[in-house]
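Subject: Structure for your review

Dear colleague,

Please find below the structure that I am handing over to you.

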Amino acid sequence: MIKRAGLVLALAGAAFLTGCASPPKTLYGWDGYQPQVYQQLKGESPDQQIAEMEKALQTISAKGASVPPGFHAHLGMLYSLTGKSDQMVAQFEDEKKLFPESTAYMDFLLSKVKKGEKI
């Protein structure tokens with residue numbers, strides 16, 4: 001009986017300590033990225049979305065986190081909608097540097113821009 005009470009107390013203490021543990025650090029800082037993708041799908045102003053994503057980029061950097069895959073590509077697409085092709089190219093190049101697996105797609109989009117096609 002005493003052994004059983006000790007075991008129950010030990011399990012309860014372990015459960016309590018596990019509940020107090022901090023959550024694991026995520027690989028990427030998602031601040032504002034997912035809501036902005038949704039806002040674009042809803043048709044929100046690209047200029048407003050750019051401002052929000054630039055703010056999210058500063059927040060992510062301040063926390064020492066990494067941007068998630070697609071962040072710079074999405075920001076680049078928003079810049080393309082506003083006619084800011086230099087900034088769009090810079091964002092696509094950043095996406096390629098951070099996520100080499102995106103190189104083929106980013107190069108495809110950049111080639112369309114060089115040909116004067118809309119992306």
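Accessible areas here come from the Shrake-Rupley method with a 1.4 Å probe. On that basis, the chain has an accessible surface of about 8,100 Å², and carbon and sulfur atoms account for 61% of it. Please bear in mind that this is a predicted model.

Overall architecture

The chain contains 6 helices and 0 strands, so that, by the DSSP assignment of helices and strands, its elements read α-α-α-α-α-α from the N terminus on. Of the 119 residues in the chain, 27% are buried. Among contacts with a separation of 6 or more, 53% are between residues 24 or more positions apart.

Salt bridges

Side chains of opposite charge can pair when their charged atoms come close. The cut-off applied here is 4 Å between a side-chain nitrogen of Lys or Arg and a carboxyl oxygen of Asp or Glu, and the count under this rule is 4 salt bridges.

One of them joins lysine 96 to aspartate 107, with an N to O distance of 2.5 Å. This pair links distant parts of the chain, since lysine 96 belongs to helix H5 and aspartate 107 to helix H6 (residues 103–114), 11 residues apart. Lysine 96 has a relative accessibility of 17% and therefore counts as buried, the limit being under 20%. Aspartate 107, at 34% relative accessibility, counts as partly exposed. The pair also takes part in a network of salt bridges that links Glu93, Lys96 and Asp107.

A further salt bridge is formed by lysine 97 and aspartate 94, whose closest N and O atoms are 3.6 Å apart. Both residues lie in helix H5 (residues 85–98), where they are 3 residues apart, or about one turn of the helix. Lysine 97 is exposed, with a relative accessible area of 64%, whereas aspartate 94 is partly exposed, with a relative accessible area of 25%.

The side chains of lysine 112 and glutamate 117 also meet in a salt bridge, at 3.3 Å from N to O. Glutamate 117 counts as partly exposed, with a relative accessibility of 38%.

Yours sincerely

Methods: Residues numbered from 1 in each chain as written. Predicted model: local features only at pLDDT ≥ 70, side-chain atom pairs only at ≥ 80, totals over all residues. Heavy atoms only, no water. Helix = DSSP H or I, 4+ residues; strand = E, 2+ residues; numbered from the N terminus. Buried < 20%, exposed > 50% of the residue type's maximum accessible area, 1.4 Å probe, protein only. Contact = heavy atoms within 4.5 Å.
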